[in-house]
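Here are my notes for a colleague who has not looked at this structure before. Please read them with the model open.

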Amino acid sequence: MNAFRFLGDMTHLFSVLVLLLKIYATKSCSGVSRKTQELYMLVFVARYMDLFTDYISLYNSVMKVVFITSSAAIVWCMRRHPQVRRTYDKDQDTFRHVVLVAAAFVLALLFNERFTFREICWAFSIYLEAVAILPQLVLLQRSRNVDNLTGQYVFFLGAYRAFYILNWIYRYFTEGHHSRWIPWIAGLVQTALYADFFYYYFLR
């Protein structure tokens, strides 16, 4: 654990809290891509399959539970909550996210650190997380009218990834050139996807 990793975790957590606040306070999911939320839920379930088998620390376990349950709660609200689901703009949220799932799965089978079930699931989650924001970014581009909470949600997601890149750089120089090429490349791709959003976010 270092400051960059902690800040990355906190900005990630804050992004989820912002989105939950928006849905709870306004009883609306307008401007939020359900497909991105479903992808993130899949990311967390695939990545944290070791939750009940490998104990690292209380902090680590709590964060895993929080991200799995919060993403599931968001998807449930958008699909089942009587008021929230009526505000979901299905006609705008049309990105074919199944293609992203299939591509991430193929990449995980071809490029992984070890060809085991758990490692393939981990690689799959890394590849999928890199592009999971795409449906949300496309939806924002189509709707054009972005409310503050939705914009802040995407902003903090981008900040989380930026802090994690700093965390990897820090660990590379302080832990004997520690590096894992899969999250490095996926993280850079994910950060690049946010570049256009950040540009217009700061202009606003």
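Predicted model: local features only at pLDDT ≥ 70, side-chain atom pairs only at ≥ 80, totals over all residues.

The points below go from the core to the helix pairs and then to single residues.

1. The core. How many residues does the largest nonpolar core have? The count is 49 residues, and those with the most contacts inside this core are Tyr40, Leu128, Tyr153, Val154, Leu157 and Tyr194. Two or more residues each are given to this core by α1 (3-26), α2 (34-47), α3 (58-80), α4 (97-110), α5 (117-131), α6 (134-143), α7 (148-174) and α8 (181-203).

2. α1 against α7. Two packed helices are described by the angle between their axes and the distance between the axes. For α1 and α7 the angle is about 165° and the axes lie 7 Å apart. An angle over 145 degrees counts as roughly antiparallel, so α1 is roughly antiparallel to α7. Their crossing is left-handed. Sorted by class, the residues in the contact of α1 with α7 are 15 nonpolar, 7 polar and 3 charged.

3. α2 against α5. Here the packing angle is about 155°, with the axes of α2 and α5 8 Å apart. This makes α2 roughly antiparallel to α5, and the crossing of α2 and α5 is left-handed. On the α2 side the contact is made by Leu39, Tyr40, Leu42, Val43, Ala46 and Arg47. On the α5 side, Cys121, Trp122, Phe124, Ser125, Ile126, Leu128 and Glu129 take part. By class, the contact of α2 with α5 has 10 nonpolar, 1 polar and 2 charged residues.

4. α4 against α5. How is α4 oriented relative to α5? The two helices pack at an angle of about 140°, and their axes are 8 Å apart. α4 and α5 are therefore oblique to each other. α4 passes α5 in a right-handed crossing. From α4, the residues Leu100, Val101, Ala104, Phe105, Leu107, Ala108 and Leu109 meet Ile120, Ala123, Phe124, Tyr127, Leu128 and Val131 of α5. The contact of α4 with α5 has 13 nonpolar residues, no polar ones and no charged ones.

5. Leu157. Leu157 belongs to helix α7. Its relative accessible area is 1%, so Leu157 is buried. Not counting residues up to four places away in sequence, Leu157 touches His12, Ser15, Tyr40, Ile133 and Tyr194. Leu157 and Ser15 are 142 residues apart in sequence, yet 5.9 Å apart in space, C-alpha to C-alpha.

6. Ile133. Ile133 sits in the loop between α5 and α6. Is Ile133 buried or exposed? With 0% relative accessibility, Ile133 counts as buried. Leaving aside neighbours within four places in sequence, Ile133 is in contact with Thr36, Tyr40, Leu157, Leu193 and Tyr194. The C-alpha atoms of Ile133 and Gly31 are separated by 13 Å, and these residues are 102 apart along the chain.

7. Ile165. Helix α7 also holds Ile165, which counts as buried at 12% relative accessibility. Leaving aside its neighbours within four places in sequence, Ile165 is in contact with Gly187, Leu188 and Thr191.

8. α6 and the residue after its end. In α6, Pro135, Gln136, Leu137, Val138, Leu139 and Leu140 are buried. Just after α6, Arg144 takes a positive phi of about 65°.

9. Lys27. What is the phi of Lys27? The value is positive, about 55°, although Lys27 is not a glycine. Lys27 lies in the loop between α1 and α2 and is partly exposed, with a relative accessible area of 30%.

How values were computed: Residues numbered from 1 in each chain as written. Heavy atoms only, no water. Core = buried A, V, L, I, M, F, W, Y, C linked by side-chain atoms within 4.5 Å. Buried < 20%, exposed > 50% of the residue type's maximum accessible area, 1.4 Å probe, protein only. Helix = DSSP H or I, 4+ residues; strand = E, 2+ residues; numbered from the N terminus. Axes fitted to C-alpha atoms, helices over the stretch in contact; angles between N-to-C directions. Parallel < 35°, antiparallel > 145°, perpendicular 65-115°, else oblique. Left-handed = near helix turned anticlockwise from the far one by under 90°. Nonpolar A, V, L, I, M, F, W, Y, C, P; charged D, E, K, R; others polar. Contact = heavy atoms within 4.5 Å.
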